[in-house]
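Student: I would like to learn how to read a model like this one. Can we go through it feature by feature?

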Amino acid sequence: MLKPSDFRERVKRERRLMRRKYLYLLLSFAAVLLIGVYLLWSSASFQRQYVYPFPYRETVEDYADRYHVDPYLAAAVIRTESKFQDSVHSHRGAIGLMQLMPDTAQWIAGQLDDASYSVEAIHEPERNIRYGIWYLRSLQREFDGNDVLALAAYNAGRGNVQDWIRENGWPADFHDIDAIPYQETREYVRKVLTAEKKYREFYGSSEK
């Protein structure tokens, strides 16, 4: 016959074993769940649909073709700027899908002879995309096709980038993103170039 002290010790051991079993089951469940989430997140279909979607694809491709801009680079700029949300406004006053500043958009409208320009019109997805892609192309021309410099100018302003080139003696084939003085601009350029690769990977076929 068990002594009371022996009985209590047995109960304690059984409770410890039960707690260990529950902890093991909980950890096993968590591990399976994390693996499942990782596999789902990393799957091409999930990434394409939820991480790198391509709304307004036809419009982007039409204007990219018209202005000789890589459509995947244009899509990457839109994703980085607004995540394809056409109603987005930045705290600086940038508007729409490609986050155009009103004064920049007005200048672009003049270059395009668009007499129908207005600040309200920048909110229109098609016009915003048209203006943004044209502007991206103008920056590519200004910086001799250097996408790193063109993207830096899209984010920080062409004047700042021209100053950096003069002050640091950057060559025409400059690609040292780490040398860009603004952290925000460094991160922006990296994000766009990473997204460009993803858009090319997911949408680089003829399928639409």
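Student: What percentage of the residues of the chain count as buried?

Tutor: This is a predicted model, and the values below are computed from it. Of the 208 residues in the chain, 37% count as buried. The accessible surface of the chain is about 12,800 Å², and carbon and sulfur atoms hold 54% of that surface.

Student: How many helices and how many strands does the secondary structure of the chain have?

Tutor: There are nine helices and zero strands. Along the sequence the pattern reads α-α-α-α-α-α-α-α-α.

Student: What share of the contacts in the chain comes from residues 24 or more positions apart?

Tutor: Taking the contacts with a separation of 6 or more, 55% are between residues 24 or more positions apart.

Student: Which quantities describe two packed helices?

Tutor: Two packed helices are described by the angle between their axes and by the distance between those axes. Here, take helix α6, residues 125–142, and helix α7, residues 147–156. Their axes come within 8 Å and cross at roughly 130 degrees.

Student: Which residues make the contact between α6 and α7?

Tutor: From α6 the contact uses G132, Y135, L136, L139 and Q140. From α7 it uses D147, A150, L151, A153 and Y154. By class, the residues of this contact are seven nonpolar, two polar and one charged.

Student: Now the backbone. Where does H68 lie, and what is its phi?

Tutor: H68 sits in the loop between α3 (57–67) and α4 (71–82). Its phi is positive, about 60 degrees, although H68 is not a glycine.

Student: Is H68 buried or exposed?

Tutor: The cut-off for exposed is over 50% relative accessible area. H68 has 59% relative accessibility and therefore counts as exposed.

Student: What is the phi of F84, and is F84 buried or exposed?

Tutor: F84, also not a glycine, has a positive phi of about 65 degrees. F84 is in the loop between α4 and α5 (102–111). Buried means under 20% relative accessible area; F84 has 8%, so it is buried.

Note on methods:
Residues numbered from 1 in each chain as written. Predicted model: local features only at pLDDT ≥ 70, side-chain atom pairs only at ≥ 80, totals over all residues. Heavy atoms only, no water. Helix = DSSP H or I, 4+ residues; strand = E, 2+ residues; numbered from the N terminus. Buried < 20%, exposed > 50% of the residue type's maximum accessible area, 1.4 Å probe, protein only. Contact = heavy atoms within 4.5 Å. Areas by Shrake-Rupley, 256 points an atom, 1.4 Å probe, with all protein chains shown as cover. Axes fitted to C-alpha atoms, helices over the stretch in contact; angles between N-to-C directions. Nonpolar A, V, L, I, M, F, W, Y, C, P; charged D, E, K, R; others polar.
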